[in-house]
Amino acid sequence: MAAEIKPGPGLNDRFNTPKKPVLLSKLEGVNDDVNAAVIIPGEDAIITVCDDRTVRVWLWRESGQYWPSVCHYMPSAASALHFCKQSRRLFVGQESGQISEFLVAEDRNRISHSKDYQAHTARVTSVLLSDRCQWLLSVGRDKMFKLHCAQSGLCLGSFVSEAWCTAVAFDSLAKVIFVGDYGGQITMLKIDEAAAQSSIGNSGGVVSGIIRYVTNLKGHTGSIRALTWDSNGQFLYSGSFDQQVIAWDIGGQCGTAYELNGHQNKITSICYAPSRRILISGGEDSVVVFWDMRESRLETPQWADSDTCQRCERPFFWNLRAMMDQRQLGLRQHHCRSCGRAVCDRCSSPRHAIPSMGFEFDVRVCEPCYAQLKASENPSLAVFHEAKHSIVAMDVDESRKRLLTVGQDHIVKLWDISAVLQ
């Protein structure tokens, strides 16, 4: 008789939902890593950049597939991109540190080179245009953030980080920049708008005093891989290699941060649908998670410090005096994810999900908290979907309810997410 292996109880429950994305198309034929891709909003057109030095514009054909209408070769590997539909300006960051600007034709069948920005001395990891301010923001592996005037090409200012810069987001109203780095920190910077405007006509090079350091946001223990800004709710969302998404309440100005735990491997990309307030995260676990940010959430508690279990009062292994007095071996310390109390393994043996705190999986809780959680309803506040490829980057077109995922398998997938964005 053949053996049957059944998944553990609840292991696949998170995927059992009628709200499933539907795969519409695959973009194949690229033989090297696809580093980034964007959907041209409202159109059947996609732009990709790759390590094979190509910039491709893909258009939907009558054959029912996407085919490249443009295949442009860059001087070095294309590592990042940003496209502005209103002005049709395309910015491509490269392995060499240079950023090239192109104008995309209205029929999407041609791109014309406009100018180059000598921005970095190492790989460009993220590039962003503020159409409101006409500023080009970029970060790279040279540990630099650079601010350029997108009209003149003049460098307006820079900031040196402690580690590789990996992501950037911008609040165009408050003129605040968020720079994520490889060490897990997010640096908050402020632009002096008056000084920036007065320096546009200055031909003397980099202008000092434009960018002012504000603070560091510390919460991640792994490399920051993605940042996105919600201008309506004044939230910053960050995704990290520590498998965690953090929602930073910048507008509340109280230091509030909500943790979202739904991945079991590194998070590599996040994007946001502002009209429906849905945050989308993807990672190397091949899972896309749709977080409903309309729901009220709770901060995770601070973990308590104690030399003994705060339930049974047995000593932890470093509490030598109590171990001698009680004549017993010390225990390992754990923490309840619901209340934050320091507890031993026996007093925290139950496991339960806490969706209001962002814990979509079962996590360690103490016995009193477990009883409270079992007695109350704790519906999931997220939708999970198996993308079937390890995700490198994503983009969303909320107007047409389309999601783009880029995989380590060199394949780009386009999904219909109408069922999720209801």
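## Strand β17 and T215

T215 touches I186, T187 and M188, leaving out residues up to four places away in sequence. This is a contact list from a predicted model. T215 lies in strand β17, which covers residues 211-218. T215 counts as partly exposed because its relative accessibility is 30%, a value that falls between the 20% limit for buried and the 50% limit for exposed.

How far is T215 from F290? The C-alpha atoms of T215 and F290 are separated by 30 Å, and the two residues are 75 residues apart along the chain.

## The chain as a whole

The chain holds 3 helices and 32 strands. Its C-alpha atoms fill a box of roughly 75 × 65 × 35 Å, taken along the principal axes. A compact globule of 422 residues would have a radius of gyration near 22 Å, and the 24 Å of the chain agrees with this.

Of the 422 residues in the chain, 54% are buried. The chain exposes about 19500 Å², and carbon and sulfur atoms supply 46% of that area. Among contacts between residues at least 6 apart in sequence, 48% join residues at least 24 apart.

In soluble globular proteins, nonpolar side chains tend to be buried together. The largest nonpolar core here has 19 residues, and I47, V55, L90 and V92 touch the most other members. Six strands each supply at least two residues of this core: β2 (34-39), β3 (45-50), β4 (54-60), β6 (78-84), β7 (89-94) and β8 (99-104).

What does L90 touch, not counting residues up to four places away in sequence? The list for L90 is I47, V55, L81, H82, F83, S100, E101, F102 and V104.

## Aromatic pairs

A pair of aromatic rings is described by the distance of the centres and the angle of the planes. A search of the whole structure finds 10 aromatic pairs. One of them joins W60 and Y66, with 5.2 Å from centre to centre and 70° between the planes, an edge-to-face arrangement. The two residues of this pair fall into separate accessibility classes: W60 counts as partly exposed because its relative accessibility is 38%, whereas Y66 counts as buried because its value is 6%.

Why is the pair of F235 and Y237 stacked? The ring centres of F235 and Y237 are 6.0 Å apart and the planes are at 10°, so the pair is stacked; the limit for that class is under 30 degrees. Both F235 and Y237 are buried. F235 and Y237 also belong, with Y258 and Y272, to one aromatic cluster.

In the model, residues 217-250 are 0% helix and 59% strand, and the end C-alpha atoms of the span lie 10 Å apart. Residues 260-301 are 0% helix and 48% strand, with end C-alpha atoms 14 Å apart.

## Lysines with positive phi

Two lysines in loops have a positive phi. K143 has a phi of about 70° although it is not a glycine. K143 is found in the loop between β11 (135-140) and β12 (144-149). With a relative accessible area of 35%, K143 is partly exposed.

For K175, phi is near 60°, again a positive value in a residue other than glycine. K175 is placed in the loop between β14 (165-171) and β15 (176-181). Is K175 buried or exposed? K175 is buried, because its relative accessible area is 9% and the limit for buried is under 20%.

## A serine in β10

S126 is found in strand β10, residues 124-130. At 16% relative accessibility, S126 counts as buried. Which residues is S126 in contact with, leaving aside its neighbours within four places in sequence? They are A80, L137, S138, V139, T166, A167 and V168.

Key. Residues numbered from 1 in each chain as written. Predicted model: local features only at pLDDT ≥ 70, side-chain atom pairs only at ≥ 80, totals over all residues. Heavy atoms only, no water. Phe/Tyr/Trp six-rings, centres within 6.5 Å; stacked < 30°, edge-to-face > 60°. Buried < 20%, exposed > 50% of the residue type's maximum accessible area, 1.4 Å probe, protein only. Core = buried A, V, L, I, M, F, W, Y, C linked by side-chain atoms within 4.5 Å. Helix = DSSP H or I, 4+ residues; strand = E, 2+ residues; numbered from the N terminus. Contact = heavy atoms within 4.5 Å. Rg over C-alpha atoms; globule rule 2.2 N^0.38 Å. Areas by Shrake-Rupley, 256 points an atom, 1.4 Å probe, with all protein chains shown as cover.
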